[in-house]
Amino acid sequence: MPRKETIRKAKQDKRAGKSPSTQAGEFVREEMDKIRHGEHGARSPQQAVAIGLSEARRAGVDLPPPRKGKAKARTRRSAKYAYEAGQGRRKTRRRPRVSRAVKQVLKREPRSSASKRALSQQAKRAASRRSAASRSAAARKAVRTKGAKGRSAAAKKAARTRTRRKR
């Protein structure tokens, strides 16, 4: 169950006109916090992200399941159920035994999958699979919803990064 604060931030992102994946990012972030604080673990950074996306879909973020060929059929079916539940098209049944079993399994998984190093490696791998044009388009879209203060902060950060890389 996501925290109220997470849902509030996701709604704020929606009002600001940000994409559903950005709204879902709040839920992914909460999931990483849970793993880092030792509530449970995850087999890999991808699993940690997947749990966060599922929470987001269930909470009503308009994030459709992946299209055919983008993910395994089982993953797509799971995402479809979560999405329908969040959109109010499916009644969810409480299943305490299943819930407990999942929690127990996750408790045995490693915590290192949410480490900064693991997430950094995953982000680099994901970015390398995309074309330069696709990455550039995503950055341009992000700038549109950033606002003047956000753009200024991003420019300063970029300048700092450039000077650090030159050395």
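Modeller: Let's start with one residue. Ser-19 is buried, because its relative accessible area is 18% and the cut-off for buried is under 20%. Keep in mind that this is a predicted model.

Colleague: Where does Ser-19 lie?
Modeller: Ser-19 sits in the loop between α1, residues 4-15, and α2, residues 20-36.

Colleague: And what does the side chain of Ser-19 make a polar contact with?
Modeller: With the side chain of Ser-21, at 3.1 Å.

Colleague: Let's zoom out. How many helices and strands are there in the protein?
Modeller: The protein has 8 helices and 0 strands. Read from the N terminus, the order is α-α-α-α-α-α-α-α.

Colleague: What does the C-alpha trace span along its principal axes?
Modeller: About 55 × 35 × 35 Å.

Colleague: And what percentage of the residues count as buried?
Modeller: 23% of the 167 residues.

Colleague: Switching to charges. How many salt bridges does the count come to?
Modeller: The count is 4 salt bridges. One of them pairs Arg-43 with Glu-109, and their closest N and O atoms are 2.7 Å apart.

Colleague: Which parts does that pair tie together?
Modeller: Two loops. Arg-43 lies in the loop between α2 and α3 (45-58), and Glu-109 lies in the loop between α5 (96-107) and α6, so the pair links parts that are 66 residues apart in sequence.

Colleague: Is Arg-43 buried or exposed?
Modeller: Arg-43 counts as exposed, because its relative accessibility is 59% and the cut-off for exposed is over 50%.

Colleague: And Glu-109, buried or exposed?
Modeller: Glu-109 is buried, with a relative accessible area of 11%.

Colleague: Next one. Which residue forms a salt bridge with Lys-80?
Modeller: Glu-84 does, with the closest N and O atoms 3.9 Å apart. Both residues are in helix α4, residues 73-86. They are 4 residues apart there, so about one helical turn separates them.

Colleague: Which residue forms a salt bridge with Arg-90?
Modeller: Glu-84 again. In this bridge the closest N and O atoms are 3.0 Å apart.

Colleague: What is the relative accessible area of Glu-84?
Modeller: Glu-84 has 15%, so Glu-84 is buried. Lys-80 counts as partly exposed at 42% relative accessibility. Arg-90 is partly exposed too, with a relative accessible area of 34%.

Colleague: While we're on that helix, what about Tyr-81? Where does Tyr-81 lie?
Modeller: Tyr-81 lies in helix α4. Tyr-81 counts as partly exposed, at 37% relative accessibility.

Colleague: Now the surface. Which residues gather in a patch of positive charge?
Modeller: The patch consists of Lys-124, Lys-146, Lys-156, Lys-157, Arg-160, Arg-164, Arg-165 and Arg-167.

Colleague: Which helix does the largest share of the patch come from?
Modeller: Helix α8, residues 147-166, contributes 5 residues, the largest share.

Colleague: And where is Lys-124 found?
Modeller: Lys-124 is in helix α6, residues 116-128. Lys-124 counts as exposed, at 61% relative accessibility.

Colleague: Let's go back to the loops. Where is Ser-115 found?
Modeller: In the loop between α5 and α6. Glu-109 lies in that loop as well. Ser-115 is partly exposed, with a relative accessible area of 27%.

Colleague: How far apart along the chain are Ser-115 and Met-32?
Modeller: They are 83 residues apart along the chain, and their C-alpha atoms are separated by 8.4 Å.

Colleague: Is Gly-52 buried or exposed?
Modeller: Gly-52 counts as buried, at 0% relative accessibility.

Colleague: And what separates the C-alpha atoms of Gly-52 and Pro-110?
Modeller: A distance of 17 Å, with the two residues 58 residues apart along the chain.

Key:
Residues are numbered from 1 along each chain as its sequence is written. This is a predicted model: local features need pLDDT of at least 70, side-chain atom pairs count only at pLDDT 80 or more; totals for chains, interfaces and linings use all residues. Side-chain values use heavy atoms; hydrogens and water are left out. Buried means under 20% relative accessible area, exposed over 50%, partly exposed in between (1.4 Å probe, protein chains only). A polar contact is a pair of N or O atoms within 3.5 Å; within protein, one must be able to donate a hydrogen and the other to accept it, and residues adjacent in sequence count only if both atoms are side-chain atoms. Patches are made of residues with over 30% relative accessible area and no salt bridge: like charges are joined within 9 Å, nonpolar side chains (Val, Leu, Ile, Met, Phe, Trp, Tyr) within 5 Å. Accessible areas come from the Shrake-Rupley method with a 1.4 Å probe; for residues, only the protein chains shown count as cover. A salt bridge is a side-chain nitrogen of Lys or Arg within 4 Å of a carboxyl oxygen of Asp or Glu. Lys and Arg count as positive and Asp and Glu as negative; His and the chain ends are not counted. The place of a charge is taken as NZ of Lys, CZ of Arg, CG of Asp or CD of Glu.
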